[in-house]
Amino acid sequence: MDNYSRLFNESRPLRVETNRKININPVEINKMVNSEWLKNKELGIKAYKEQRYTNAIHFLNKAIQDNPNNSHLYSVRANIKEDSGDLNGAIDDFKKALFIGDDWYATYNQIAQNYYKIQEFGNALTAFDIAIELKNQTESEGLENNLPDLMDGVVIREKFEIIYTNRATIKLNLKDYQGCEKDCRKAIEINPNYSNSYFILGVLFLTLEHMVSANEFLKIAANKGNSQANSLLNQYF
């Protein structure tokens, strides 16, 4: 079962290996720069940055109508829907991006975060699992080296410690306490300065009523600048 089917229980066209080398001649570049879909995408992004979400969606709809097989356009529209509060719509658009485009770990990561926000923790966990597997693959193949962190507001690169800590949060909600601790400690191993990993460990030990450990990890998180940890320390200690 491929990743898409694993998450959505639906099939999609078989992935075909393609030559990813970009070799566009000047005439093609000129066509692209002057294309209506690109102009509408840029207008949509401008409106998005100004938080005019209805207008942004309008322009992205027009861009997609003119260029329906461009997976990135669906990801851009998903971002707009996410920020406007339409989380189910965001999931649908990220799903469309995966249906017609390549499997990319950051897309599954974004889907996972939206599933978490609507409290579909089982789906969120599956999406995070896939994101971590794919990120391991991209790192081993060096596919991220020359990519930006963001493209048109869409997350392209995400740090491992963030993904592991986010998955730990899902496991905490699913009462997989051992799995939660394991993911947090993995994140700390990767980046000892990421405060959220210590914070989630603190919340985990509060949940288990291991107050000494909770106090220890919340203090570390607070010392690393986590304001939520300060709030819990004031509340419980």
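The structure is a predicted model, and residues are numbered from 1 along each chain. Two packed helices are described by the angle between their axes and the distance between the axes.

**Helices α8 and α9**

- Helix α8 covers residues 121–141 and helix α9 covers residues 160–173, and their axes come within 10 Å of each other while crossing at roughly 155°.
- Because angles over 145 degrees count as roughly antiparallel, α8 and α9 are roughly antiparallel to each other, and their crossing is left-handed.
- On the α8 side the contact includes F121, L125, F128 and I132, whereas the residues they and their neighbours meet in α9 include F160, I163, Y164 and I170.
- The residues of this contact between α8 and α9 divide into 9 nonpolar, 3 polar and 5 charged.

**Helices α9 and α11**

- The axes of α9 and helix α11, which spans residues 195–207, come within 9 Å and cross at roughly 15°.
- That angle makes α9 roughly parallel to α11, and the crossing is left-handed.
- In this contact E161, T165, A168, T169 and L172 of α9 meet N196, S197, I200, V203, L204 and T207 of α11.
- The residues of the contact of α9 with α11 divide into 5 nonpolar, 5 polar and 1 charged.

**Histidine H72**

- H72 lies in helix α5, which runs over residues 71–84.
- With a relative accessibility of 19%, H72 counts as buried, because buried means under 20%.
- When neighbours within four places in sequence are left aside, H72 is in contact with M151, D152 and V154.

Methods. This is a predicted model: local features need pLDDT of at least 70, side-chain atom pairs count only at pLDDT 80 or more; totals for chains, interfaces and linings use all residues. Side-chain values use heavy atoms; hydrogens and water are left out. Axes are lines fitted to C-alpha atoms, for helices over the stretch in contact, and angles run from 0 to 180 degrees between N-to-C directions. Helices (H or I, at least four residues) and strands (E, at least two) are DSSP runs, numbered from the N terminus. Angles under 35 degrees count as roughly parallel, over 145 as roughly antiparallel, 65 to 115 as roughly perpendicular and the rest as oblique. A crossing is left-handed if the near helix is turned anticlockwise from the far one by less than a right angle, and right-handed if clockwise. Contact means heavy atoms within 4.5 Å. Ala, Val, Leu, Ile, Met, Phe, Trp, Tyr, Cys and Pro count as nonpolar, Asp, Glu, Lys and Arg as charged, and the others, Gly among them, as polar. Buried means under 20% relative accessible area, exposed over 50%, partly exposed in between (1.4 Å probe, protein chains only).
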